[in-house]
Amino acid sequence: MSAVLEMTGVTRTYPGTPPIEALRGVDLRVASGELVSVVGPSGSGKSTLLHIMGTLDRPTSGRVQVGGFDIGTMSDRQLSALRAQRIGFVFQQFHLLDAETALDNVADGLLYTGRAAAERREMATATLERVGLAARLGQHASKLSGGERQRVALARAIVGRPDLVLADEPTGNLDSKSSESIVELLEELNADG
């Protein structure tokens, strides 16, 4: 299977006295269709790893490839385009626009893809239906429950069918029932490709 993410000898050191080695020689290969979890105690480098995998940060050394593209050779503009086309993010803190509807929050996830507004809204509608929010399309994000807000965030991450979806503690702010529902949904979406 082709790799959607490859990391070879990745390190990330933050300056200071002494310098902080957040990542030390990370090798990782994630194949297309693979579902991977990264676990560890607080302060072990999970968020740093996620930021590097998502091209939000660059490694101090080593090589990172996303969808076959070497991020070390790319400009900031090229990395932004790579993120828009190939990477979906789900964060613990939803990052929704409260005054916007669920539909607009998801459609906005496609702003940098060059698609027309009507196509973005059509894709957003279909994705919200897929995550069980067909009846909440016009609801403002501020009026949604925590579980619904996380489903909107998940829909925004997958609406463009990215090669790679990165989720940073996607159930961290949810009750146990909502958490279980989100994990099941992530597994379903992965099984569907």
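**Figure 1. Helix H1 and the residue that follows it.** Thr55 comes after helix H1 and has a positive phi, near 65°. This is a predicted model. Helix H1 spans 46–53. Which residues of H1 are buried? They are Thr48, Leu49, Leu50, Ile52 and Met53. These buried residues pack against strands E1, E2, E3, E5 and E6. An α-helix has 3.6 residues a turn, so residues three or four places apart point the same way.

**Figure 2. Strand E1 and its two partners.** E1 covers 3–14, and E2 covers 20–31. The two strands pair in the antiparallel sense, over eight bridges. Five residues lie between the strands in the hairpin of E1 and E2. In that hairpin, Gly16 takes a positive phi near 160°. E1 also runs antiparallel to E3, and five bridges join them. Here Thr8 has Arg63 of E3 as its bridge partner.

**Figure 3. Arg12 and Asp57 joined by a salt bridge.** The structure holds ten salt bridges. In one of these, the side chains of Arg12 and Asp57 meet, at 3.0 Å from N to O. Arg12 belongs to strand E1, while Asp57 sits in the loop between H1 and E3, so the pair ties together parts that are 45 residues apart in sequence. Is Arg12 buried or exposed? Its relative accessibility is 16%, so Arg12 counts as buried, because the limit for buried is under 20%.

**Figure 4. Arg58 and Asp76 joined by a salt bridge.** The side chains of Arg58 and Asp76 meet with N and O 3.2 Å apart. This pair links distant parts of the chain. Arg58 is in the loop between H1 and E3, Asp76 is in helix H2, and they are 18 residues apart. Arg58 is partly exposed, with a relative accessible area of 29%. Asp76 has a relative accessibility of 58% and counts as exposed.

**Figure 5. Arg136 and Glu148 joined by a salt bridge.** The closest N and O atoms of Arg136 and Glu148 are 3.1 Å apart. Arg136 lies in the loop between H4 and H5, and Glu148 lies in helix H5. Twelve residues apart, they link distant parts of the chain. Arg136 counts as partly exposed, at 24% relative accessibility.

**Figure 6. The largest pocket.** Its volume is about 1,500 Å³. How many residues line the largest pocket? There are 49, and the closest to its centre are Leu35, Val165, Leu166, Ala167 and Leu186. Several elements give two or more residues to this lining, among them strands E1, E2 and E6 (164–168). Helices H1, H4 (117–130), H5 (146–158) and H6 (176–191) also give two or more. The lining divides into 27 nonpolar, 13 polar and nine charged residues.

**Figure 7. The second largest pocket.** This pocket has a volume of about 590 Å³. It is lined by 22 residues. Which residues lie nearest its centre? They are Phe89, Asp108, Gly109, Tyr112 and Arg156. Helix H2 (76–86), strand E5 (87–91) and helix H5 each supply at least two residues of the lining. Eleven lining residues are nonpolar, eight are polar and three are charged.

Note on methods:
Residues numbered from 1 in each chain as written. Predicted model: local features only at pLDDT ≥ 70, side-chain atom pairs only at ≥ 80, totals over all residues. Heavy atoms only, no water. 1 Å grid on protein atoms, 1.4 Å probe; cavity = no way out; pocket = protein on both sides within 12 Å on 5 of 7 lines; lining within 4 Å. Points joined across faces, edges and corners; volume = space filled by probe spheres on them. Helix = DSSP H or I, 4+ residues; strand = E, 2+ residues; numbered from the N terminus. Nonpolar A, V, L, I, M, F, W, Y, C, P; charged D, E, K, R; others polar. Buried < 20%, exposed > 50% of the residue type's maximum accessible area, 1.4 Å probe, protein only. Contact = heavy atoms within 4.5 Å. Pairing = 2+ DSSP bridges. Salt bridge = Lys/Arg side-chain N within 4 Å of Asp/Glu carboxyl O.
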